[in-house]
Amino acid sequence: MRETEPIYVTQPSLPPLEEFTPYLEKIWANKILTNGGPFHQQLEQALCDYLGVKHLALFTNGTIALVTALQALRITGEVITTPYSFVATAHSLLWNGIKPVFVDVDPNTLNMNPAKIEAAITAQTTAIMPVHCYGHPCDVDAIQKIADNYNLKVIYDAAHAFGVQCHCGSVLNHGDLSVLSFHATKVFNTFEGGAIVCPDAKTKLRIDQLKNFGFVDETTVVAPGINGKMSEINAAFGMLQLNHIDAVLARRKEIDATYRELLKGVKGVRCLQDAGEAIANYSYFPILVEADYPLSRDGLYQKFKDHGIFARRYFYPLITDFPMYRGLPSAQRDNLPVATAASKKVMCLPIYPSLNNEDQRRIAALIAK
Ligand code: T4K
C-alpha cells in the first residue's frame with residue numbers, strides 16, 4: 001500500500017521558475033547560445049571562487065570531462081581505479097583505450113584503499129583514478145605519496161564531491177586534476193554538466209582546446225578533441241543555482257543528522273562514518289544492511305518499493321561485474337572482497353532538500369520496524 005506520492009532517492013533542487021526568466025532574457029538578447037559565452041565565463045569564475053580552486057573548465061557532463069581529463073594528461077597504458085563507483089569512471093578509461101586495473105576499497109569509507117595500490121602497479125601504469133565516493137574525501141595524502149614515489153598522475157573522479165573540504169581546504173585541489181558532475185541528481189546541478197578542476201592556466205588552456213574539437217585558433221587543430229562545451233542555458237542555470245547552494249547544503253546536513261539519529265540503535269543497519277572534521281556535502285545517505293538485520297538488503301529494497309520509496313543500490317552491481325570488465329584479472333571477486341561485500345549490503349536512502357520531515361520519519365520507521 002502506498003501512503004503518498006512516490007519518493008525517489010533524489011530530486012533535483014530547482015529554484016522558483018520565475019527566478020530563471022531574467023537569465024533567459026539575457027541569452028535571448030545577446031544570442032550567444034554556446035561556445036564559451038558570457039554565462040559560461042561567469043560560471044567558471046563563480047565556481048572557482050565558491051569552491052576555492054584556481055582553474056576550472058566547464059563541460060557538457062561529467063563523463064566527457066573524465067574522458068578529456070585523461071587526454072589532457074596524455075594518460076596511456078594502465079590506470080589503477082576502484083570497482084565501487086558509477087560505471088562512467090571506468091568507461092572513461094576504455095574510451096581512451098586504457099586498461100583499468102581495479103583495487104579494493106576501504107571498509108569504512110568505501111573509497112579506494114591506498115594500501116592496495118602498490119601491488120597493482122606495473123611498468124604500464126601511468127595514473128591512479130580514485131573516486132571520492134558519496135563525497136567522502138579519499139586518503140589524498142597516502143595516494144599522493146604513492147603517486148610521487150612511482151611518478152604517476154592522479155585524476156580524482158570527484159563527481160560526488162562538490163564543495164567538500166578535507167583537512168587542507170577544497171578536496172578538489174588534490175591530485176593533478178579533479179572532475180565534477182553537475183548532473184540533475186547531484187548536489188549542484190545544471191541539468192547536465194560537469195567540470196575539470198586544474199591547478200594552472202596552461203593545463204586549463206589544453207583542456208579548453210580539447211573540449212572544443214582541439215581548435216587553438218580559427219584554422220588550427222592540435223588534437224582529436226571532442227565537443228564537450230557547456231551551453232549558455234546550462235551555465236546560466238548554474239549561476240542561479242549558486243544563489244541557493246548554501247541553503248541546499250544546510251538542509252541536506254539536517255536530513256543527514258536526522259537519519260543518523262533515527263537509525264541509531266537499529267540492529268543490523270550501519271551508517272557510513274560521518275564527515276568528522278571535513279566539510280561534507282551530504283550528497284548521498286548510504287546504509288549497509290548487515291547479516292543481523294531481519295531482511296536482506298534486497299528484501300529491504302523491495303519493502304521500500306512496496307511503500308512507494310525508490311531507494312537505489314549505489315553501487316550494485318560493481319563495475320567489475322559488467323561484461324566489458326569482468327574478464328580482467330583485477331576484476332575477479334577474490335581481488336575485491338570488501339567492495340563485493342559492500343555492493344551486496346548498500347542502499348542509498350532518499351536525501352534532497354525538499355524531502356519533508358514526515359516522509360523522512362516514515363522511511364526510518366520502515367527500516368526500524
Ligand atoms: N563518476 C561518478 C562517481 C558518478 O557518480 C557519475 C554519475 C559520473 C562519474 C558521471 O557523471 P555524468 O556524466 O552523469 O555527469 C545517476 C546519474 O545519471 C549519474 O549522473 C550519477 N553519477 C549516478 C550515480 O546516478 P541513475 O541511472 O541512477 O539515475 P536515474 O535517472 O535513475 O535517477 C535517480 C533518481 O533521481 C530517479 O529515480 C528520480 C530522480 N530524478 C532523476 C533525474 C535524472 C529526478 O527526480 N529528476 C531527474 O531529472 O544514474
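The legends below describe close-up views of a predicted model.

Residues are numbered from 1 along each chain as its sequence is written. Because the model is predicted, local features are given only at pLDDT of at least 70 and side-chain atom pairs only at pLDDT 80 or more, whereas totals for chains, interfaces and linings use all residues, and side-chain values rest on heavy atoms, with hydrogens and water left out.

**View 1**
The protein is divided into domain 1 (17-242) and domain 2 (245-368), with bounds that come from an automatic or database domain assignment. The C-alpha centres of the two domains lie 24 Å apart. Across the boundary, 40 residues of domain 1 are in contact with 35 residues of domain 2, where contact means heavy atoms within 4.5 Å.

E78 and K99 form a salt bridge in which the closest N and O atoms are 3.9 Å apart; the term stands for a side-chain nitrogen of Lys or Arg within 4 Å of a carboxyl oxygen of Asp or Glu. Because E78 lies in strand β3 (residues 78-81) and K99 in strand β4 (residues 99-102), the pair ties together parts that are 21 residues apart in sequence. Helices (H or I, at least four residues) and strands (E, at least two) are DSSP runs, numbered from the N terminus. E78 counts as buried, at 11% relative accessibility, whereas K99, at 38%, counts as partly exposed; buried means under 20% relative accessible area, exposed over 50%, and partly exposed in between, with a 1.4 Å probe and protein chains only.

**View 1. D298 and its two arginine partners.**
D298 forms a salt bridge with R297, the closest N and O atoms being 2.6 Å apart, and another with R313, where the corresponding distance is 3.1 Å. The pair of D298 and R313 links distant parts of the chain, since D298 belongs to helix α8 (residues 297-306) and R313 to the loop between β15 (309-310) and α9 (337-345), 15 residues apart. R297 is buried at 3% relative accessibility, while D298 is partly exposed at 35% and R313 is partly exposed at 22%. Elsewhere, salt bridges that share partners join E44, K204, D208 and K211 into one network, and the count of salt bridges comes to 14.

Helix α3 (residues 62-72) is mostly covered, with nine of its eleven residues buried; among them are G62, I64, L66 and L70. At the N-terminal end, N61 caps the helix through a side-chain oxygen that lies 3.0 Å from the backbone nitrogen of T63. After α3 comes R74, whose phi is positive, near 55°.

**View 2. S330 beside F102.**
S330 is placed in the loop between β15 and α9 and is buried at 12% relative accessibility. The side chain of S330 reaches the backbone nitrogen of F102 at 2.9 Å, a polar contact, that is, a pair of N or O atoms within 3.5 Å, one of which must, within protein, be able to donate a hydrogen and the other to accept it, with residues adjacent in sequence counting only if both atoms are side-chain atoms. Not counting residues up to four places away in sequence, S330 touches P100, V101, F102, N335 and L336.

**View 3. A nonpolar surface patch at F213, F215 and V221**.
F213, F215 and V221 form this patch on the surface, with about 250 Å² of accessible area together. Patches of this kind are made of residues with over 30% relative accessible area and no salt bridge, with nonpolar side chains (Val, Leu, Ile, Met, Phe, Trp, Tyr) joined within 5 Å and like charges within 9 Å, and the areas come from the Shrake-Rupley method with a 1.4 Å probe, only the protein chains shown counting as cover for residues. F215 lies in strand β11 (residues 215-217) and is partly exposed, with a relative accessible area of 33%.

Q241 lies in helix α7 (residues 232-263) and is buried, with a relative accessible area of 6%. Leaving aside neighbours within four places in sequence, Q241 is in contact with S13, P15, F188 and N189. T4, in the segment before β1 (7-8), is partly exposed at 40% relative accessibility, and, not counting residues up to four places away in sequence, T4 touches D359 and R362.
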